[in-house]
Amino acid sequence: MLLKQQNIEYKENISLSQYTSFKIGGPCPLMLLPHTVQEVEQAVVSCKQENVPYLILGNGSNMLVSDDGYDGAVIWFHHNFSEIYLENETTVYAQAGVSLAGLCVFAQKHGLSGLEFAYGIPATVGGAVYMNAGAYGGEMKDAVSYADYVDETGKLCRKYLTELDFSYRHSFFTNTANVIVGAGFSLRPEEPEKIRTAMDDFYTRRKSKQPLEYPSAGSTFKRPQGAYAAQLIEDCGLKGRTVGGAQVSEKHSGFVINRGGATCADVLELIRIIQETVKEKTGFTLECEVKRIGF
Ligand SMILES: NC(=O)C1=CN([C@@H]2O[C@H](COP(=O)(O)OP(=O)(O)OC[C@H]3O[C@@H](n4cnc5c(N)ncnc54)[C@H](OP(=O)(O)O)[C@@H]3O)[C@@H](O)[C@H]2O)C=CC1
Ligand SMILES: C=C(O[C@H]1[C@H](O)[C@@H](CO)O[C@H](OP(=O)(O)OP(=O)(O)OC[C@H]2O[C@@H](n3ccc(=O)[nH]c3=O)[C@H](O)[C@@H]2O)[C@@H]1NC(C)=O)C(=O)O
């Protein structure tokens, strides 16, 4: 395979369950761990040439991977692509593998406000921009100034906020094979203490309401127009409903959790039951927020 002759670090025959926050997922023959933009360009071009599909993995916190795994190459950014610096007085640049927690703490230490809402979202910068991650009234689109990416032909490009087509859990990148390599965040000066207090407040709220003690992929469904998925699920009596190792969290019914040993098939069956029951009893259609991989 050409892909393995390019000096890009790689691992073979990995189990994707080790790389997803759900702790679910079958095998994958090849994981590429690029360290430079040039290596990302090479990886994309080689995958195209060899007709190998690729998947970009950040923190794996929004993925439901098939028990049969993924028959392609995974490009992994966590731990590498972790550079972060001040571009000017109010702009922070972070590479795609930087954790949102790391980005928030960096901004706070430099007295820059605008990312407090994101403290506690278990994502990388790449995954968060890809999906316009949001919480507590904030979204990535409120802070992102531009994003750098390697396009599907292997060329490095930049798009600015107005071109990024952000909306609820969606961006220009959604359902494309572009690889985000970094982003610039435009922030406002504020006292570091005030920023720290806001971050701690959001984190405490998250911890008290969400089942962080179990593996999951965050909210399973998007908020449907005019309702909350969690409330609909609770009103339909589905809190605690279990299939194999998968369960509708007793703490927050918007989360399907892995109580131990859950398979992808368990989660899919539980999702099917939830969608069917909610539709039948309330008329609302619940759309999955979690991205399905390898189907
Ligand atoms: N608000 C909250 O409390 C929570 C939010 N989340 C969400 O989970 C997401 C998780 O981020 P993360 O764990 O890092 O992502 P994941 O590893 O879960 O990847 C999710 C998808 O994002 C795409 N992606 C990831 N990194 C990149 C990149 N560098 N360039 C292009 N596409 C990329 C991939 O698309 P592809 O398959 O096309 O390759 C992938 O399928 C965030 O967007 C956030 O919304 C999760 C938990 C809680
Ligand atoms: C976890 C994620 O993001 C989360 C984000 O952390 C939180 C906090 O702002 O708000 C969203 O959750 P959410 O829509 O479930 O919001 P919450 O405020 O927790 O709950 C909404 C409503 O449902 C009700 N609710 C919640 C839990 C529950 O068991 N039962 C219930 O009825 C709440 O009382 C509230 O009225 C995001 N999810 C989506 C799909 O928009 C994620 O994207 O993975």
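**View 1. Surroundings of Arg169.** Leaving aside neighbours within four places in sequence, Arg169 is in contact with Met131, Asn132, Lys222 and Glu289, two residues being in contact if their C-beta atoms, placed from the backbone, lie within 7 Å. The model is predicted: local features need pLDDT of at least 70, side-chain atom pairs count only at pLDDT 80 or more, and totals for chains, interfaces and linings use all residues. Residues are numbered from 1 along each chain as its sequence is written, while chains are lettered from A and ligands numbered from 1 in the order in which they are written. Arg169 lies in the loop between β12 (156-160) and β13 (179-186); helices (H or I, at least four residues) and strands (E, at least two) are DSSP runs, numbered from the N terminus.

**View 2. The annotated active site.** The unreviewed UniProt entry gives the annotation "active site" to Arg169, Ser219 and Glu289; positions follow the numbering used here, feature names are shortened, and annotations may be inferred rather than shown by experiment. Although they span 121 residues in sequence, no two of their C-alpha atoms are more than 11.4 Å apart, so they gather at one spot. Glu289 is placed in the loop between α6 and β18 (291-293). Not counting residues up to four places away in sequence, Glu289 touches Arg169, Ser219, Thr220, Phe221 and Lys222. With 18 other C-beta atoms within 10 Å, Glu289 is partly exposed.

View 3. Three strands form an open sheet in the order β15-β16-β17, with antiparallel pairing; two strands pair if DSSP finds at least two bridges between them. β15 (242-243) and β17 (256-258) are at the edges with a single partner strand each, so one side of each has no neighbour in the sheet. Strand β16 (residues 246-248) is joined to β17 by three bridges, and Gln247 stands opposite Ile257 in β17. Helix α6 (residues 264-282) lies across β15, β16 and β17, running at about 30° to β16; axes are lines fitted to C-alpha atoms, for helices over the stretch in contact, and angles run from 0 to 180 degrees between N-to-C directions.

**View 4. The sheet β1-β2-β5-β3.** This open sheet of four strands has mixed pairing. β1 (9-15) and β3 (54-57) stand at its edges, each with a single partner strand, so each has one side without a neighbour in the sheet. Direction ignored, neighbouring strands are turned by 30° against each other on average. Four bridges pair β3 with strand β5 (residues 73-76) in the parallel sense, and Leu57 stands opposite Trp76 in β5.

Key
A residue is buried if 20 or more other C-beta atoms lie within 10 Å of its own, exposed if 12 or fewer, and partly exposed in between; C-beta atoms are placed from the backbone.
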